Amino acid sequence: MQKGLLFLLMMAVASYSAPWRESKTFLLKKDELAKIMVKSTGQERLFNFRWTLYTDKALVVHESFDRIVGQHMLEGTSQSFSKRFLSANKSERDVPYALVVFKKFDEENQTAQFDLLLFDKENRVKLDYLTKTTEK
């Protein structure tokens, strides 16, 4: 229920103006890694994600950031998970994070399409995409 409300809120905000700084699209086969190097002042950390199972319109996604792992079950399209890249500082208004959105599954080619949206108003991080992406 909370995910649905979060999605509706995000869609309402997105329809007003695009709050994200950049977006990329990934088309991944099973167990193919999407690799992104997250660079900030004095740090370089790896963020990656992959899907392992698609059944009954649900996708199991594994992600890792700075060697901390997680698993998500995305049921239906337009489901998402987020990953914070830095913590908030007292002088800064926002925390940079990525929202990874499951867009569709191609049954014929056995590929899943994801959109990665970077929210970072203060330009605290730079993303280097180590996996081929599709420009949006």
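Modeller: Start with phenylalanine 26, which counts as buried at 0% relative accessibility. Buried means under 20% relative accessible area, exposed means over 50%, and partly exposed lies in between (1.4 Å probe, protein chains only). The model is predicted: local features need pLDDT of at least 70, side-chain atom pairs count only at pLDDT 80 or more, and totals for chains, interfaces and linings use all residues. Residues are numbered from 1 along each chain as its sequence is written, and side-chain values use heavy atoms, with hydrogens and water left out.

Rings come next. The whole structure holds 14 aromatic pairs. Rings of Phe, Tyr and Trp (its six-membered ring) pair if their centres lie within 6.5 Å; planes under 30 degrees apart are stacked, over 60 edge-to-face, and the rest tilted. One of these pairs is tryptophan 20 with phenylalanine 119: edge-to-face, 6.1 Å centre to centre, 75° between the planes. Tryptophan 20 sits in the loop between helix 1 (2–16) and strand 1 (22–29), while phenylalanine 119 is in strand 8, 99 residues apart. Helices (H or I, at least four residues) and strands (E, at least two) are DSSP runs, numbered from the N terminus. Tryptophan 20 is partly exposed, at a relative accessible area of 27%. Phenylalanine 119, at 8%, is buried.

Back to phenylalanine 26. The centres of its ring and that of tyrosine 129 are 6.2 Å apart with planes at 50°, so this pair is tilted. Phenylalanine 26 belongs to strand 1 and tyrosine 129 to strand 9, so the pair ties together parts 103 residues apart in sequence. Both rings belong to a cluster linked by ring pairs; among its other members are Phe47, Phe49, Trp51 and Phe102.

Strand 1 also carries threonine 25. Threonine 25 is buried, at 7% relative accessibility. Its side chain makes a polar contact with the side chain of aspartate 115, at 2.8 Å. A polar contact is a pair of N or O atoms within 3.5 Å; within protein, one must be able to donate a hydrogen and the other to accept it, and residues adjacent in sequence count only if both atoms are side-chain atoms.

Tyrosine 129 leads on to strand 2. In strand 9, tyrosine 129 is the bridge partner of isoleucine 36. Strand 2 and strand 9 (residues 126–129) pair antiparallel over four bridges. Two strands pair if DSSP finds at least two bridges between them. Strand 2 also runs antiparallel to strand 3 (residues 43–55), joined by seven bridges. There, lysine 35 stands opposite asparagine 48. Two residues separate the strands of this hairpin, and glycine 42 takes a positive phi near 75°. Five of the seven residues of strand 2 (residues 34–40) are buried, so the strand is largely enclosed by the rest of the structure.

Lysine 39 also lies in strand 2. Lysine 39 is partly exposed, with a relative accessible area of 27%. The side chains of lysine 39 and aspartate 128 make a polar contact at 2.6 Å. Leaving out residues up to four places away in sequence, lysine 39 touches Glu44, Arg124, Val125, Lys126 and Asp128. Contact means heavy atoms within 4.5 Å. From lysine 39 to arginine 124 the C-alpha distance is 8.6 Å, across 85 residues of sequence.
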